[in-house]
Amino acid sequence: MGAAGGARAPEAAGGGGAMAGGAMAGGDGPLRALLRAANKLLQQRRYHAALAVIKGFRNGAVYGAKIRAPHALVMTFLFKSGSLREKLKAIAQATYAHSRNLAYFVFTYKGLMAAQSRLQGKKIPFHAFLAACIGGWLVFGENNPINSQIIMYLLSRILFGLSRLAVEKGYIPQPKQDPFPLVAALVWGTVLWLFEYHRETLQPSLQSSMTYLYEDSEVWHDLSDFLLYNKRTDSK
């Protein structure tokens, strides 16, 4: 009897393991069902426009953080003073602001595009312009450093894009030579003239960059702040 009883003990243990496994599988069941339901919903064409708005919000937040975080990191540690905690806080705030604004804008733009398309039954070019104008006014209308940088970034690319479009449409003749060298010369000539004589008209971050390049290079005391550092940190 003892042997028989001993033979049944592993079976009981095995049965307990099976029951535990079944319990775990049962716990995974609702989660798997939820995932299947979510994936099924994502495949529904009638919800595509609304889901695209949500994913646009997600992509705007992620892209804004990816773009702003490294830029804020470099600019903060290069040009801003303060404790490490203050610098990290400034980086986090700038990253959050850029990420949030871009997410809000994409959400607004895609939502208005979907609404216009639904109302008129089709998409027309003016829809994009109107939706983006409204989004730009609502999200980027405040004049602050983050929004200012984004708008100037876009403006330079708009000018290039409109120039190319004007050539494609025949509004201006195709240049016989590459105009880029002339554009580069005029841009650099203008920005350095503004920096030297009308500095207050330039954005603060650009002023800081140009001060580092063109004014700080005029000052040194010895080899340490001539090659190793930009400015001396001691009181010699």
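Reading along the sequence, you get α-α-α-α-α-α-α-α. Helices here are DSSP runs of H or I with at least four residues, strands are E runs of at least two, and both are numbered from the N terminus.

Quick housekeeping. Residues are numbered from 1 along each chain as its sequence is written, and side-chain values use heavy atoms, with hydrogens and water left out. Since we're on a predicted model, local features need pLDDT of at least 70 and side-chain atom pairs count only at pLDDT 80 or more, while totals for chains, interfaces and linings use all residues.

Okay, how much of the chain is buried? Of the 236 residues in the protein chain, 17% are buried. Buried means under 20% relative accessible area, exposed means over 50%, and partly exposed is in between, with a 1.4 Å probe and protein chains only. Now contacts, meaning heavy atoms within 4.5 Å: take those in the protein chain with a separation of 6 or more, and 45% of them join residues 24 or more positions apart.

Next, the core. In soluble globular proteins, nonpolar side chains tend to be buried together. A nonpolar core is a set of buried Ala, Val, Leu, Ile, Met, Phe, Trp, Tyr and Cys residues joined through side-chain atoms within 4.5 Å. Which residues make up the largest one here? There are nine: Ala72, Ile91, Ala94, Ala97, Phe105, Val139, Phe140, Ile146 and Ile150. Helix H3 (84-120), helix H4 (125-140) and helix H5 (145-168) are the elements that give two or more residues each. H3 has the largest share, with four. Find Ala72 on your screen: setting aside its neighbours within four places in sequence, Ala72 contacts Ile91 and Ala94.

While you're there, look at Ile67, which sits in helix H2 (residues 48-79). Ile67 is partly exposed, at 40% relative accessible area. From Ile67 to Thr95 is 28 residues in sequence, and 8.3 Å in space, C-alpha to C-alpha.

Now over to H6 and H7. Their axes come within 11 Å and cross at roughly 90°. The axes are lines fitted to C-alpha atoms, for helices over the stretch in contact, and angles run from 0 to 180 degrees between N-to-C directions. That makes H6 and H7 roughly perpendicular, the label for 65 to 115 degrees; under 35 is roughly parallel, over 145 roughly antiparallel, and the rest oblique. On the H6 side, the contact uses Trp188, Val191, Leu192 and Phe195, and H7 brings Leu206, Gln207, Met210, Thr211, Tyr214 and Glu215.

Last stop: how many salt bridges does the structure hold? One. A salt bridge is a side-chain nitrogen of Lys or Arg within 4 Å of a carboxyl oxygen of Asp or Glu. Here Arg199 pairs with Glu215, and the closest N and O atoms are 2.4 Å apart. Arg199 is in the loop between helix H6 (180-197) and helix H7 (204-215), and Glu215 is in helix H7, so the pair ties together parts 16 residues apart in sequence. Both ends are partly exposed: Arg199 at 24% relative accessibility, Glu215 at 32%. Not counting residues up to four places away in sequence, Arg199 touches Leu194, Gln207, Thr211 and Glu215. And the C-alpha atoms of Arg199 and Met210, 11 residues apart along the chain, are separated by 9.9 Å.
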